[in-house]
Amino acid sequence: MAKKSFKELFDPRESKWGGISLPMFLCALIVVAIVVYVPFGLDKEGNPGSFLRPNFLIMFSALAVFGLLFGEIGDRIPIWNDYIGGGTILVFFMAAVFGTYNLVPENFMKAVNIFYGKQPVNFLEMFIPALIVGSVLTVDRKTLIKSISGYIPLIIIGVIGASAGGIAVGLIFGKNPIDVMMNYVLPIMGGGTGAGAVPMSEMWASKTGRPASEWFGFAISILSIANVFAILCGALLKKLGEAKPSLTGNGELLIDNTKEAVRDKEVDVKPELTDTTAAFILTGVLFMVAHILGEVWESLGLGFDLHRLVFLILLTMFLNIANIVPDKIKAGAKRMQTFFSKHTIWILMAAVGFTTDVKEIIAAAAPSNILIALAIVLGAVGLIMLVARKMKFHPVEAAITAGLCMANRGGAGDVAVLGAADRMELMSFAQISSRIGGAMMLVLGSVMFSFFAS
């Protein structure tokens, strides 16, 4: 992956600001600044008004410009981009600073709350289902079926190890095991930011009735800390494999089955615009069915709730395994997922950041939290390496894919971890960890929040 440079970012001949040239981006930035900051007239209550109209399009564009400003810069800060999370995390942190220290007007903050989740029709309700359906539906069907019998149990063992490590260190610092599971293990092992921490925060909010950003602010901080440890562990496991050749398959995960190693065959059909549209409509219909199932489940009074996103995951897995959805629509779903995960993630991170207290983020960097995050990562790696050979997996590769690729920040974290470990050929298994493993953590999160969140 080519490194991004500041030189190309500020070259007026290039289009590096989300496809927008520097002069055009500066014009957009000025317009947004006028709309947000310049007072104009009076509002209905007689207070100073502004040009801001809090509809979906205006807020989408204003947050997009904010996201592009700090996202493109964050992707070019060397150590920050390699270890902390690049533009995505910088957008979140900067938005949190702007919101916490009142660097934007109150009416803008109210508009962000509406856009992000204070009404039934909001951006989050599109973002999460599109990501889930696009991710789960486009995992190669044969890979998904094979992984259920062999690789997924390895992921579960990694989660058990992560939980044991986190709880053990948490007890030293007086943390309740349930608190460690809900606020540390779930976000770290949950499949990253967009497909993990964000939907988990909605589950938490729907159960507690409090703002999703309250859980998310701490979760993203802990996840960022764990992401650094996961990348560093990837480099250390590479060195371990060189020192102890018996522990590694040199890029092959399965023992005595290297010729039949599972490869993730991404959908290679080129979709038309109509296929992407069909995938988006399919996502909406599946979300309706998932909502119906969620309501029916709740009405049964079985003692714990299953969030509608859990049913969405299960429905999509069924459609994939049953091979019901045509390849063209799967390709459209892949394009849909790419659009939301790569081209709107900064918009969502800006919205979430504005509603997050930066003081809570700073508090999350306490030594106790850092050590708990480290214990979770090492717990996953350690237990997997202990059992990997008995399950016919090479220990180093098993720890990298089923351990570290669960404990990082999703797709970008997978690239960073595999790059540090020099094991990019394991991307297929890393994707199963981020997608299917992350989906499993959403199910666990839904159950745990149902019982213990308050």
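Predicted model: local features only at pLDDT ≥ 70, side-chain atom pairs only at ≥ 80, totals over all residues.
**Entry 1**

On the domain 1 side, I looked up who gives up the most area to domain 2, and found Tyr 83, Phe 92 and Tyr 116. Together these three account for 27% of what that side buries.

For bookkeeping, I wrote down the bounds: domain 1 runs over 6-121 and domain 2 over 125-453. Their C-alpha centres are 28 Å apart. I then listed the contacts, and 37 residues of domain 1 meet 33 residues of domain 2.

**Entry 2: polar pairs and helices at the interface**

How many salt bridges does the rule find across the interface of domain 1 and domain 2? I got zero. My search for polar contacts across the interface of domain 1 and domain 2 returned three residue pairs, with both partners at pLDDT 80 or more.

Next I asked which elements supply two or more residues to the side of domain 1 that touches domain 2. My list reads α3 (56-74), α4 (78-84), α5 (86-100) and α6 (106-116). The top contributor is α5, which gives 13 residues. I also sorted that side of domain 1 by class, and counted 24 nonpolar, nine polar and four charged residues.

**Entry 3: how confident is the predictor?**

I checked pLDDT over the whole chain: the average is 85, and 93% of the residues score at least 70. Going element by element, I found the lowest mean, 74, in helix α8 (residues 141-149). The highest mean, 96, belongs to helix α18 (residues 367-387). I flagged residues 257-266 in my notes, where pLDDT stays under 50. For this stretch the model still has 23 contacts beyond four places in sequence.

**Entry 4: a look at Asn 183**

I picked Asn 183, which sits in helix α10 (residues 177-188). What does the side chain of Asn 183 make polar contacts with? I noted the side chain of Asp 179, at 2.4 Å, and the side chain of Trp 215, at 3.1 Å. Leaving aside residues up to four places away in sequence, I listed Trp 215, Phe 218 and Ile 222 as what Asn 183 touches. Trp 215 therefore turns up in my notes both as a polar partner and as a contact of Asn 183.

Technical notes
Residues numbered from 1 in each chain as written. Heavy atoms only, no water. Domains from an automatic or database assignment. Contact = heavy atoms within 4.5 Å. Buried area = accessible area lost by both parts, 1.4 Å probe. Salt bridge = Lys/Arg side-chain N within 4 Å of Asp/Glu carboxyl O. Polar contact = N/O pair within 3.5 Å; in protein donor to acceptor, adjacent residues only side chain to side chain. Helix = DSSP H or I, 4+ residues; strand = E, 2+ residues; numbered from the N terminus. Nonpolar A, V, L, I, M, F, W, Y, C, P; charged D, E, K, R; others polar. pLDDT = per-residue confidence, 0-100.
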